[in-house]
Structure formats: structure tokens, C-alpha cells
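Here is a structure to go through by question and answer. Each answer sets a value against its rule.

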Amino acid sequence: MKRITIAILFGLVAGLICASGAFYGHILKFSVVTLLWVLLNRAVMGFAIGISNLRVHWAANGAIVGLVVGSIFSYSLFMNLGPVLLPLVNFCVNALFGLMIEFFATKVFKQPALSAPLAQTKIAVHA
């Protein structure tokens, strides 16, 4: 439960970073609905990373889940803006946000996924 909470909180932080850049850079027009959509997408990304059960390295887990969950936001941008560069850039940035969320959850706050790959232990075999 602690991992999920941390991941959701850093998903919201990622949402604030994403929204700030988009609004101040005049990439998106500010509205409360747009702000909530960005925050919701990143919070859901954090939740998905928090509950993720992939048996891969923590960095790959963050990038994969970030791409998959964030693709919803990229698709929404594509549907609203058309075939411009922003949805593609957003799709790639989703992996970075996922990686950031996973880094803070796993490395900084020491809350690895429950099914993280186990380190192989060497067993001495006597013949």
C-alpha cells in the first residue's frame, strides 16, 4: 500500500510538471478541465506503476507502464489536435515520467514491486 501511495503522489508531481510545461510553453491552452485531465492521467500512471506486477528491471517497468498508460493521453492529444508532433513527443515523454515515478518509488523510498526479479543466489553443489 505504501508503494502505491508513493507512486500516485509522484504521478501527481509528474502531472504538475507536465501541465506547467504545457501551459507556460503555450503548448496547451489552460483550462481547469485540461489541468485535471493531465493530473488524472499521471496519477493513473502512478497507480499502475505502483500495482505493476511485471517481472522486469525497475527501470524497464517504469518505462513500459509509463508508455502504456500514458498512451491514453497521447491518443487524446492526437484526437484533439490531429496529426501534429505533440502527441508523438508526449508518447515518448510518458516513458520518462514513468521512469521518474518508478525511480522515486523503488530507489528513493525503497518500495520495490512485490514481484521484482529476485537476485540469483549461488548454491554450492557437492558431487
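Q: How many aromatic pairs does a search of the whole structure find?
A: The search finds six. Rings of Phe, Tyr and Trp (its six-membered ring) pair if their centres lie within 6.5 Å. This is a predicted model: local features need pLDDT of at least 70, side-chain atom pairs count only at pLDDT 80 or more, and totals for chains, interfaces and linings use all residues. Residues are numbered from 1 along each chain as its sequence is written, and side-chain values use heavy atoms, with hydrogens and water left out.

Q: Why is the pair of Phe-10 and Phe-104 called stacked?
A: Planes under 30 degrees apart count as stacked, over 60 as edge-to-face and the rest as tilted. The planes of Phe-10 and Phe-104 are at 5 degrees, with ring centres 4.5 Å apart, so the pair is stacked. Phe-10 lies in helix α1 and Phe-104 in helix α4, so the pair ties together parts 94 residues apart in sequence. Helices here are DSSP runs (H or I, at least four residues), numbered from the N terminus.

Q: Why does Phe-10 count as buried?
A: Buried means under 20% relative accessible area, exposed over 50%, partly exposed in between (1.4 Å probe, protein chains only). Phe-10 has 17% relative accessibility, so Phe-10 is buried. Phe-104, at 25%, is partly exposed.

Q: What makes the pair of Trp-37 and Phe-73 tilted?
A: The planes of Trp-37 and Phe-73 are at 45 degrees and the ring centres 6.2 Å apart, so the pair is tilted. This pair links distant parts of the chain, with Trp-37 in helix α2 and Phe-73 in helix α3, 36 residues apart. Trp-37, at 32% relative accessibility, counts as partly exposed. Phe-73, at 3%, counts as buried.

Q: How do you know that Glu-102 forms a salt bridge with Arg-3?
A: A salt bridge is a side-chain nitrogen of Lys or Arg within 4 Å of a carboxyl oxygen of Asp or Glu. The closest N and O atoms of Glu-102 and Arg-3 are 2.8 Å apart. Glu-102 lies in helix α4 (residues 85-108) and Arg-3 in helix α1 (residues 2-24), so the pair ties together parts 99 residues apart in sequence. Both residues are buried. By this rule the count comes to one salt bridge.

Q: Which residues of the largest nonpolar core touch the most other members?
A: They are Met-45 and Ile-101, in a core of 21 residues. A nonpolar core is a set of buried Ala, Val, Leu, Ile, Met, Phe, Trp, Tyr and Cys residues joined through side-chain atoms within 4.5 Å. Helix α1 gives the most to this core, with eight residues.

Note on methods: Helix = DSSP H or I, 4+ residues; strand = E, 2+ residues; numbered from the N terminus.
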